[in-house]
Amino acid sequence: MASFANRPLGSAPTGNSPDPLDIPWIDIHQHTQSLTWNDREKFDLSGARAAVMIAAGYYWAPYRPVSADDVRFLWDDALRRAACFDHRHFYDQYVAVGVHTWAGVDGAAELLAALPEYCEDERVVAIGETGIESTHHTAAWGLDDQRDVVREQMHIARETGLPILVHTPGSSKGGLPAQYSHSYEEANDSFTEPLLDPENAKREAVEIDLELAAEAGLPDEQVVIDHASPAVVPLVMETTDCYLSFSISAPWLRGFDPADVASAIEEYGADRIVLDTDLIGAMEHDVFAMKRTIMDLCRLGVDREVIRTVVYENPARLLSLDTE
Ligand SMILES: [Zn+2]
């Protein structure tokens, strides 16, 4: 293999030297409270300017039927931790507050009643994550009840003007390919039976979510269809004005790779495409996912300004963050 060491003194290396890779990024979706100090330091080391912590991360709390009090505690806990994190790191920590549908919640109505008040906190920049799910942790949540909870959060998004992060199904029970079964152990064992066709769950869930957004009168510009895969790219990009976000820290779970992101950008432009990490301590992940994906997209020939749009400008606009 060629190396600088073997090259005669005075000879120039062939090829262009890479330009510095100084593209900043904002992560609209991560489970910061389940990560470590070292992980958060790596965000600083790799160009983070801001990150949104999903407050309702109950799936790393003890498993039992989830009560409204549990979720309320997690919202308060996320806000308390966020204040600590951004006083000790060099990116700004924000919070998304919502009722996640990945486990049945007893007493969701009282949470929905409290949600608008949480949206007034200056750290709360989004509602979510929430969205129709097919399989659940601990206790199943029927589709009709999920519809009511998701629709009401979309209604609150309309009233408050905040964007909503729409979770979409990943792998169904037992659906992870064998080579990844160690990467998220619980996905193969702990989940309830699927409510939607496992082959088409993501697409079917997105179709319902879009119906609910229409029922709530929520403008597409406030909707982020999250955990994108090629299965929903045309649906979202051709029939809506919603944002589409690829969760890049666990592509094995979501069914895409950086080339799929590059293709979506090439086909539909960068204006409504976002990258987020969805980093969570409960599964195998890459804390440098954002920086590595930026490098991958560069190597795939995506223009740097375009990459900056999807990792920085779009998130900032969506979350109404100042980029000065
Ligand atoms: Zn998430």
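The legends below describe several close-up views of a predicted model. Residues are numbered from 1 along each chain as its sequence is written, and side-chain values use heavy atoms, with hydrogens and water left out. Because this is a predicted model, local features need pLDDT of at least 70 and side-chain atom pairs count only at pLDDT 80 or more, whereas totals for chains, interfaces and linings use all residues.

**View 1. The open sheet of 8 strands.** The strands follow the order β1-β2-β4-β6-β7-β8-β9-β10 with parallel pairing; strands (E, at least two residues) and helices (H or I, at least four residues) are DSSP runs numbered from the N terminus, and two strands pair if DSSP finds at least two bridges between them. At the edges stand β1 (25–30) and β10 (273–276), each with a single partner strand, so one side of each has no neighbour in the sheet. Neighbouring strands are turned by 30° against each other on average, direction ignored; axes are lines fitted to C-alpha atoms, for helices over the stretch in contact, and angles run from 0 to 180 degrees between N-to-C directions.

**View 2. The pairing of β8 with β9.** Strand β8 (residues 223–225) and strand β9 (residues 243–247) pair in the parallel sense over 2 bridges, and Ile 225 stands opposite Leu 244 in β9.

**View 3. Helices α2 and α3 lying across strands of the sheet.** Helix α2 (residues 68–88) lies across β2 (48–54), β4 (92–97) and β6 (124–130), and runs at about 170° to β4. Helix α3 (residues 108–119) lies across β4 and β6, running at about 150° to β6.

**View 4. The buried face of α1.** In helix α1 (residues 37–45), the buried residues are Asp 39, Arg 40 and Phe 43, where buried means under 20% relative accessible area, exposed over 50% and partly exposed in between (1.4 Å probe, protein chains only). Seen down the axis of α1, these residues fall within an arc of 100°, so they line one face of the helix; the arc is that of the directions from the helix axis to the C-beta atoms. Their cover includes β1, β2 and α2, with contact meaning heavy atoms within 4.5 Å. Just after α1, Gly 47 takes a positive phi of about 100°.

**View 5. The packing of α10 against α11.** Helix α10 (residues 289–299) and helix α11 (residues 304–319) pack at an angle of about 150°, with their axes 10 Å apart. Met 290, Ile 294, Leu 297 and Cys 298 in α10 meet Arg 304, Ile 307 and Val 311 in α11.
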